[in-house]
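Hi everyone, thanks for coming.

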Amino acid sequence: MNELLMIIIGSALVNNVVLSQFLGLCPFLGVSKKTNTAAGMGAAVIFVITVSSALCSIIYDQILVPLDMQYLNTIVFILVIACLVQFVELVLKKYSRALYNALGVYLPLITTNCAVLGVAIINVNKEYSLLPSVINGFGTAAGFAIAIVIMAGIREKIEHNDVPNAFKGSPIVLVTASLMAIAFFGFAGLKL
Amino acid sequence: MKKYLERVYNGVFKENPTLVLMLGMCPTLAVTTSGNNGLYMGLTTTVVLAASNFIISALRKSIPDKVRIPAYIVVVASLVTVVQLLLEAYLPVVNELLGIYIPLIVVNCIILGRAEAYAAKNSIGLSFFDGVGMGLGFTLALTILGSFRELLGAGTIFGLGLLESVKKLTGFFDTVEPITIFILAPGALLTMAILTAIQNKLKLPSATNGSVKNNIGCGGDCLQCHGSVCTSNREQLAQKSETSANAGKTVGNKADAGKVD
């Protein structure tokens, strides 16, 4: 139990997926203009990464390892993730209209989110079994959601600030992200 | 021959994927902690990019249009696996340095972007040289960014202790310490911020200030879009269908009202 808690804090805060590993940087910078869209994106990422890390872990342990084909993991994972995202979209559309309306727009964007593939590969590299994989996936995605929501909150404030001309647009967003990354360094001091 | 050289020139200077088109930000920020890392990552990506452009261009007539993206992904993922196994066997040092960012070349948007925008429409030779040019442009940008960060953050350049030798030779600068934050994660974002701010100030061609458009379906401006174009398109479509549904309703209401009358 204690070990699982350490995994979740480690992946969500200490090794934040966006601010220290730069995975999923694209949606982090692009879909963080408004807090509610950022929260929607965060929720969709949590959902997809948790499911995909479970699925990838099962496929790796039950199919690739017995067949001695671990070297195929990159190809298999990317296909599993692409299919999963399509599948989730179809299922939500059919059975849960409310959830589809909330998350649906973000799902196609997630296939190209490198955090999803990144988590699957990290799980394999760290030799996590099913439960730690799911926990690690959830923690990583929660870290992404925290970062993107904070970012959106700050960007909404920046709108009203007097930013120097040269820094308008991308540069000020990158400076903000940089300061957030410094703040997240504080978590490295946690004794786990 | 001139056509081929033009592709290389285009990739390295005119449409440099990192500095001008702003594609593939994740590996750019993550691995440029030193000049060497940037160089290795750039060359690895170049190999994958040239090979994937070559294969996709060769298969362009036999891949059905509807399943082209999954087909491209399989080609790219296979190539990345091959390259990863080769690195593990012959250059284990590079494999260890770049770690997880090697398999993640699969989702680097430069590769799928070039497949979609160039290799799917052009001859094998041109596509190959386009891949080489884009790859070299990526390598050049990563090496420059990596060297910049390494110089400021560690006082070395390609692993050579520049700051140390300057201290020894001149006897000055004894109190000068490298700014360690530049080789850490925040430094990557800060370097990128400085670069894009300079591009804005000097009005240099760059996707971040909207002066460059590329021909990828979505517009390809990753640093500005990251899927938000896709999102807004969908929102517009949803709104359209809603308004048409509402229009249908009001027509229905009018008809009802007519009946009551």
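This is a predicted model: local features need pLDDT of at least 70, side-chain atom pairs count only at pLDDT 80 or more; totals for chains, interfaces and linings use all residues.

In chain A, if you take the contacts between residues at least 6 apart in sequence, 79% of them join residues at least 24 apart. By contact I mean two residues whose C-beta atoms, placed from the backbone, lie within 7 Å.

Residues are numbered from 1 along each chain as its sequence is written, chains are lettered from A, and ligands are numbered from 1, in the order in which they are written.

So what is chain A built from? There are nine helices and zero strands. Helices here are DSSP runs of H or I with at least four residues, strands are runs of E with at least two, and both are numbered from the N terminus. Chain B has ten helices and, again, zero strands.

On to the dimensions of chain A. Its C-alpha atoms fill a box of roughly 60 × 45 × 30 Å along the principal axes.

How much of each chain is buried? In chain A, 49% of the 192 residues count as buried, and in chain B it's 47% of 261. Buried means 20 or more other C-beta atoms within 10 Å of a residue's own, exposed means 12 or fewer, and partly exposed is in between, with C-beta atoms placed from the backbone.

Let's pick out two helices of chain A. Take α7, residues 114-125: its twelve residues should span 16 Å at 1.5 Å a residue, and the end C-alpha atoms are 16 Å apart, which agrees. The expected span is 1.5 Å times one less than the number of residues. Eleven of the twelve residues of α7(A) are buried, so this helix is largely enclosed by the rest of the structure. Just after α7(A) comes A:E127, with a positive phi of about 55°.

Then there's α9 of chain A, residues 170-185. Its 16 residues should span 22 Å, and the end C-alpha atoms are 23 Å apart, which agrees. Twelve of those 16 are buried, so α9(A) is largely enclosed as well. What do its buried residues pack against? They pack against α2 and α8 of chain A, together with α9 of chain B.

That brings us to where the chains meet. 42 residues of chain B are in contact with 38 residues of chain A. On the chain B side, α2, α4, α9 and α10 each supply at least two residues, and α9(B) gives the most, with eleven. By class, that side has 28 nonpolar, eleven polar and three charged residues. Ala, Val, Leu, Ile, Met, Phe, Trp, Tyr, Cys and Pro count as nonpolar, Asp, Glu, Lys and Arg as charged, and the others, Gly among them, as polar.

Now the inside. The largest nonpolar core has 119 residues, and A:V45, A:L117 and B:V76 have the most contacts inside it. A nonpolar core is a set of buried Ala, Val, Leu, Ile, Met, Phe, Trp, Tyr and Cys residues joined through C-beta atoms within 7 Å. Helix α8 of chain A, residues 130-158, gives the most to this core, with eleven residues.

Leaving out residues up to four places away in sequence, B:V76 touches B:V48, B:S52, B:V106, B:I111 and B:L112. B:S52 is found in helix α3 of chain B, and it's buried, with 26 other C-beta atoms within 10 Å.

One last thing: backbone angles. Most residues other than glycine have a negative phi. A:F22, though, has a positive phi of about 60°. A:F22 lies in the loop between α1 and α2 of chain A, and is buried, with 26 other C-beta atoms within 10 Å. A:D68 also has a positive phi, near 60°. A:D68 sits in the loop between α3 and α4 of chain A. Is A:D68 buried or exposed? Exposed, with 7 C-beta neighbours inside 10 Å.
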